[in-house]
Amino acid sequence: MTQTIFKDKSRKLILAIESSCDETSVAVVEDGTIILSNIIASQIKSHERFGGVVPEVASRHHVEQIIGCMEDALAVAEINPEDLGAVAVTYGPGLVGALLIGITAAKAFAWANQLPLIPVNHMAGHIYASRFSNEMTFPLMALLVSGGHTELVYMKEHGDYQVIGETRDDAAGEAYDKIGRVLGVTYPSGKIIDEMAHQGKDNYHFPRAMINENNFDFSFSGLKSSFINLVHNAEQRGEELNAFDLAASFQQSVIDVLVKKTIRACETYDVTQLIVAGGVAANKGLRLALETELKQTLPDMTFSVPQLKLCGDNAAMIGAAAFIEAEKGHFAPLELNAKPSLIF
Ligand code: KG4
Ligand code: ZN
């Protein structure tokens, strides 16, 4: 099918659009593996004072940014619309209003330039961000850790996703952001808590929920409550707690659970590669702990993480996942709608 959409093109180029949450992003990707441009307009400053993403504010920003991002992505890549083979867009999961801005822009561009439209799952995009670092080898296991998701995904081949475990309550990134509020850290707090954790010690020993349970699911709400209770009780007693040790203790609990369950999943499913992806994959402690543990327990497996700048939301990852969808012949009609709760 890729043969068909790229048949009269000298290069295999996809324009990709991402607008599922608080970044408006447009990229041009060649062969599914080369980034020619990846424009990202972040709205974090606008949401910071609310301590989280305000959906209505996000949609308004996307409307303002999307056309400029599309023009910039083409200009930086030095590409004209007629050079492209397809337009790809995230259609879920995410905020419905935010998704619709990207989808509408993608449809209009596809229609005006007579290009096929490729619908992409945002979480598949996160996994494919790793393909810009290393070729994927199958079967593989992907640990997806973001602000909205924590999942273990088994992949037998390109574009084939089987969720074998997921969080039963909060996502890992969400837990970071919620305890960040209690520590007075600005949203999104994962990066700062990661930095603070490296300056403290695990002195508070928070629980490691479900660590020894015989499944691949996670739970982070108990850890979050335990953290918040400790801080509030100390405040009531007028006791001082060490913020760096709190960050280190929280992070160690998250890492211990993620590492233990991920390694067990790799052993059980007999995979050749481990990918860790999503916003929380930027966590230095997690990257190091997973790589070290994998080397010790499963030395024949390879470890692949996206570059730091590709861990957060961006359109290049959507272009990479779209290339595989195109090869499988998965295209969308112009009636494509947003799917806010899309699963694999
Ligand atoms: O994937 P992403 O950019 O957006 C979603 O699709 O959700 O992930 C954002 C999440 C936020 O919760 C943020 O706090 C977290 O990723 N995050 C981190 C780090 N950098 C970003 N969490 C832990 N450590 C980090 N270094
Ligand atoms: Zn994301």
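Predicted model: local features only at pLDDT ≥ 70, side-chain atom pairs only at ≥ 80, totals over all residues.

Q: OK. Which residues come nearest to ligand 1?

A: There are 20 residues around ligand 1, and the nearest are His126, Gly147, Asp177, Gly279 and Asn283.

Q: What does the side chain of His126 do there?

A: One of its N or O atoms is 3.1 Å from an oxygen atom of ligand 1.

Q: And Gly147, which part of that residue lies by the ligand oxygen?

A: The backbone: an N or O atom of Gly147 is 2.8 Å from an oxygen atom of ligand 1. Asn283 uses its side chain, with a polar atom 2.9 Å from a nitrogen atom of the ligand.

Q: How much of the ligand's accessible area does the protein cover?

A: 85% of the 550 Å² that ligand 1 has on its own. The space it takes is also the largest pocket.

Q: Which elements give two or more residues to the shell?

A: Three helices: H5 (122–128), H6 (172–183) and H7 (190–197).

Q: What's the shell made of, nonpolar, polar or charged residues?

A: It has 12 polar residues, plus four nonpolar and four charged.

Q: Where does the ligand lie relative to the domains?

A: Between domain 1 (2–127 + 311–327) and domain 2 (138–305), because both give residues to the shell around ligand 1.

Q: Switching to the backbone. Which peptide bond is cis, with omega about -5°?

A: That's the one joining Phe138 and Pro139. Pro139 is in the loop between H5 and strand S6 (140–145).

Q: And what about the bond from Tyr187 to Pro188, cis or trans?

A: Cis, with omega near -10°. Pro188 sits in the loop between H6 and H7.

Q: What about phi at Gln114, positive or negative?

A: Positive, about 55°, although Gln114 is not a glycine. You'll find Gln114 in the loop between helix H4 (96–112) and strand S5 (117–121).

Q: Why flag these spots?

A: Because most residues other than glycine have a negative phi, and most peptide bonds are trans.

Conventions: Residues numbered from 1 in each chain as written. Chains lettered and ligands numbered in written order. Heavy atoms only, no water. Near = heavy atom within 4 Å. Polar contact = N/O pair within 3.5 Å; in protein donor to acceptor, adjacent residues only side chain to side chain. Areas by Shrake-Rupley, 256 points an atom, 1.4 Å probe, with all protein chains shown as cover. 1 Å grid on protein atoms, 1.4 Å probe; cavity = no way out; pocket = protein on both sides within 12 Å on 5 of 7 lines; lining within 4 Å. Sits in = over half its atoms within 2 Å of the grid points. Helix = DSSP H or I, 4+ residues; strand = E, 2+ residues; numbered from the N terminus. Nonpolar A, V, L, I, M, F, W, Y, C, P; charged D, E, K, R; others polar. Domains from an automatic or database assignment.
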